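Please look over the sequence and the structure shown below before reading on, and keep both at hand while you read the report.

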Amino acid sequence: LGSRSILRAVADKNGDSEDYAVDLNASNFDAVLRDTPATFAVVEFFAHWCPACRNYKPHYEKVARLFNGPNAVHPGKVLMTRVDCALKINTNLCDKFSVGHYPMLFWGPPSKFVSGSWDPKQEKSEIRNIDNGRTAEKLLNWINEQIGSSFGLDDKKFENEHLSSNISDPGQIARAVYDVEEATSTAFDIILEHKMIKPETRAPLIKFLQLLVVHHPSMRCRKGSAEILVNFDELSPANTKQEEVAGAVKNFQICGKDVPRGYWIFCRGSKNDTRGFSCGLWVLLHSLSVRIEDGESQFAFTTICDFVHTFFVCEECRQHFYEMCLSMSSPFNKARDFALWLWRTHNKVNERLSKVEETMGTADPKFPKMIWPPMQLCASCYRSRNSQKIEWDEDEVHTFLANYYGKTLISLYKSNSVLGNVGAKGILDESTTSTNAVAVPVGAALAIALASCAFGVLACYWRSQQKSRKYYHQRYSLKKYDY
Ligand SMILES: Cc1cc2nc3c(=O)[nH]c(=O)nc-3n(C[C@H](O)[C@H](O)[C@H](O)COP(=O)(O)OP(=O)(O)OC[C@H]3O[C@@H](n4cnc5c(N)ncnc54)[C@H](O)[C@@H]3O)c2cc1C
């Protein structure tokens, strides 16, 4: 099992069992703590034979319920885990943390636990012994003090009154990398659930996959998109029935088997019906727009327009977005222009929705629609501003977008090295060659994509899949955008 599967498998049990804390042992300890999107972790070292530990368990679980699993009230903040020191496999691990009594609780950033240790004599350590967590109330108070929160044991699902807005914190976007993966997976789940792969929708889907293969910010999703793309003609020959296609594609999970996880982090709203998928989709589109090369800008534009128009099941959203696509009178030659177009278009949506939400009272109070980026995020983006009008410095906006949706978005991946060495390298190797993929067949476009991405491992995999392949020599011309 992958480390995320462990997190999910444990989380999935929560429907009928009260075990929310994640059981770790020496073999999965590092991997789970490295992969968690949570900002902090609590590790409880205990022994299953210890009566005090058994009595403590309901207290610990009461707190873990708030943070772990798909129904977590405050997901992504704290990962609550436990290690049974009475199991032989964990002896060394417990020794490394100088576990001298049970239960013994530690707190720290998850990455500090990876290959980590704790020594009571050590003066400076980011791992701290929790010395006052003997009841659920005390433990939660201790956590609240550390992170300046006011979580309560009675907090209910989605009653995120404590959710802090991420509007003006530029570093928060780093957490959105998980949401971009979640949104990509959700988009493809929706496509399958709604049986949307048809002969007439193949072209927009293939083009979008081509874009993802090269420019998705997550290595996992680039790899998964490539696998689907490589097998696309086998998966959906023109005459195959919908059910067969859906069944076959389902076996290829676009961002790997551990995504989706079932919750949002950056895109989490303070109500259960706000934000989430549509926020994740925007972040995905922006992060694609800042990764393309000049020569791909028109391709990226038509691809994203067609994808939203064909596959985004919010009728009003896709219609409005498409109208804005159609209103473009000349093709894009520069990646910068396309990134700025998408930013402007998103702001038009924000402007329209802010009025609607104000009238209808449907806004998320923590995340009201606004013209973006606000001053707090990018003061230099503003040349001048009065109540009527903002005069933007578009060079500054573009620099900001490129940094925000480029490097910052994947910085958490890097620092956590979630994907291990290969993944981190894949993510950092953002150099790509311009690819007018719209004019080349699927296989050839992929070959160019792979060659240009330094995807060593994936390229090997791809070649091994190509032995007896015949490509569709099909031109995906989209008349609507032929200028
Ligand atoms: C293509 C598309 C079209 C949509 N059209 C409609 C519609 O017609 N009607 C409707 O009700 N809903 C529409 N939606 C949904 C709506 O835009 C929001 O996604 C949703 O209301 C959730 O809002 P949010 O607060 O999470 O912020 P979102 O608007 O989803 O934005 C997500 C994040 O992107 C960043 N951001 C905000 N503005 C910009 C910008 N201009 N440039 C770059 N980054 C920005 C912010 O960090 C923000 O938190 C659409 C969504 C998409 C993806």
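The report below goes from the whole chain to a sheet, a core, a helix and some details of the backbone.

## The chain as a whole

The model described here is a predicted one, and its protein chain contains 20 helices and seven strands. Of the 483 residues in the protein chain, 54% are buried. When contacts between residues at least 6 apart in sequence are considered, 73% of them join residues that are at least 24 apart.

## The five-stranded sheet

Five strands make up an open sheet with mixed pairing, and their order across the sheet is β1-β3-β2-β4-β5. The edges are taken by β1 (22-24) and β5 (128-130), each of which has a single partner strand, so one side of each is left without a neighbour in the sheet. On average, and with direction ignored, neighbouring strands of this sheet are turned by 30 degrees against each other.

Helix α3 (residues 51-67) lies across β2 (40-46), β3 (78-84) and β4, and the helix runs at about 155 degrees to β3.

## The largest nonpolar core

In soluble globular proteins, nonpolar side chains tend to be buried together. The largest nonpolar core of this model has 84 residues, and those with the most contacts inside it are Phe 188, Leu 205, Phe 208, Val 283, Ile 304, Phe 321 and Trp 341. Helix α7 (residues 176-193) supplies the largest share of this core, namely ten residues. If neighbours within four places in sequence are left aside, Trp 341 is in contact with Phe 301, Cys 305, Phe 321, Met 324, Cys 325, Met 328 and Phe 332.

Phe 321 is also one of the contacts of Val 308, which touches Leu 285 and Arg 318 as well, again leaving aside neighbours within four places in sequence. Val 308 belongs to helix α13 (residues 297-311); its relative accessible area is 4%, and because buried means under 20%, Val 308 counts as buried. Although Val 308 and Pro 204 are 104 residues apart in sequence, their C-alpha atoms are 9.4 Å apart in space.

## Details of the backbone

Two peptide bonds are described here as cis. One joins Tyr 102 and Pro 103, with omega about -15 degrees, and Pro 103 is in the loop between α4 (91-96) and β4. Another runs from Trp 372 to Pro 373, with omega near 0 degrees, and Pro 373 is in the loop between α15 (335-360) and β6 (382-385).

For Arg 275, phi is near 65 degrees; its place is in the loop between α11 (242-250) and α12 (277-289), and at 23% relative accessibility Arg 275 counts as partly exposed.

Definitions and conventions: Residues numbered from 1 in each chain as written. Predicted model: local features only at pLDDT ≥ 70, side-chain atom pairs only at ≥ 80, totals over all residues. Heavy atoms only, no water. Pairing = 2+ DSSP bridges. Helix = DSSP H or I, 4+ residues; strand = E, 2+ residues; numbered from the N terminus. Axes fitted to C-alpha atoms, helices over the stretch in contact; angles between N-to-C directions. Contact = heavy atoms within 4.5 Å. Core = buried A, V, L, I, M, F, W, Y, C linked by side-chain atoms within 4.5 Å. Buried < 20%, exposed > 50% of the residue type's maximum accessible area, 1.4 Å probe, protein only.
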